[in-house]
Amino acid sequence: MQPDLQPVDPLSQVVFVHDYLQLVFQDCAFTIYNLATYTKATTVLRQGEPGFCDALVSLINQTARAEARAESLLLHFAGGVVVSVPISGPDTQGPEAWQFSRLGGPHIVEQNA
């Protein structure tokens, strides 16, 4: 059985911590440990680049659809933005790529390949 990774509510909070970030959707959250990329049409911002944090914060109040692929996690936002998180390659930082948790539900952790 595939776990349900779909947030129901729109993005309500973006938390930046020293070496990871968290996208909170009211009662669930994606904690992102690898370096994320923000893509909207021809605009591509990698985590750590100027404008990346502001771009993520601008997604607050937008709904998202999660797509867990073999090579990455993709969060498709209603405004056409995709936030991607790789699970292999140079943008990986440790044993975990990302984590999904839901209030009262299980925690799903994706390992780096």
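Ser 101 is buried, with a relative accessible area of 14% (buried means under 20%, exposed over 50%, partly exposed in between, with a 1.4 Å probe and protein chains only). Ser 101 belongs to strand S9, residues 96-102. Strands here are DSSP E runs of at least two residues, numbered from the N terminus. This is a predicted model, in which local features need pLDDT of at least 70 and side-chain atom pairs count only at pLDDT 80 or more, while totals for chains, interfaces and linings use all residues. Residues are numbered from 1 along each chain as its sequence is written, and side-chain values use heavy atoms, with hydrogens and water left out.

**Around Ser 101**

- Residues up to four places away in sequence are not counted here; Ser 101 then touches Asp 27, Cys 28, Ala 29, Pro 106 and His 107 (contact means heavy atoms within 4.5 Å).
- One of these, Cys 28, is buried at a relative accessible area of 3%.

**The sheet**

- Five strands make an open sheet, and their order is S1-S2-S3-S9-S10.
- The pairing in this sheet is antiparallel (two strands pair if DSSP finds at least two bridges between them).
- Strand S1 (13-17) and strand S10 (107-111) are the edge strands. Each has a single partner strand, so one side of each lacks a neighbour in the sheet.
- On average, neighbouring strands of this sheet are turned by 15° against each other, direction ignored. Axes are lines fitted to C-alpha atoms, for helices over the stretch in contact, and angles run from 0 to 180 degrees between N-to-C directions.
- S9 and S10 run antiparallel and are joined by five bridges.
- Phe 100 stands opposite Ile 108 in S10.

**Aromatic residues**

- The count comes to five aromatic pairs. Rings of Phe, Tyr and Trp (its six-membered ring) pair if their centres lie within 6.5 Å; planes under 30 degrees apart count as stacked, over 60 as edge-to-face and the rest as tilted.
- Phe 25 and Phe 30 form an edge-to-face pair, because their ring centres are 6.3 Å apart and their planes stand at 85°. Both Phe 25 and Phe 30 are buried.
- Phe 30 also pairs with Phe 100. This pair is tilted, at 4.8 Å centre to centre and 50° between the planes.
- Phe 30 lies in strand S3 and Phe 100 in strand S9, so their pair ties together parts that are 70 residues apart in sequence. Phe 30 and Phe 100 are both buried.
- One aromatic cluster is formed by Phe 25, Phe 30, Phe 77, Trp 98 and Phe 100.

**Cysteines**

- The whole structure was searched for disulfides, and zero were found (a disulfide is a pair of cysteine sulfur atoms within 2.5 Å).
- Cys 53 is partly exposed, with a relative accessible area of 38%. Cys 28 is buried.

**Positive phi outside glycine**

- Gln 26 is not a glycine, yet has a positive phi of about 60°.
- Gln 26 sits in the loop between strand S2 (20-25) and strand S3 (28-32). Its relative accessibility is 54%, so Gln 26 counts as exposed.
- Ala 41 is not a glycine either, and has a positive phi of about 55°.
- Ala 41 is in the loop between strand S4 (37-40) and strand S5 (43-46). With a relative accessible area of 74%, Ala 41 is exposed.

Methods:
Helix = DSSP H or I, 4+ residues; strand = E, 2+ residues; numbered from the N terminus.
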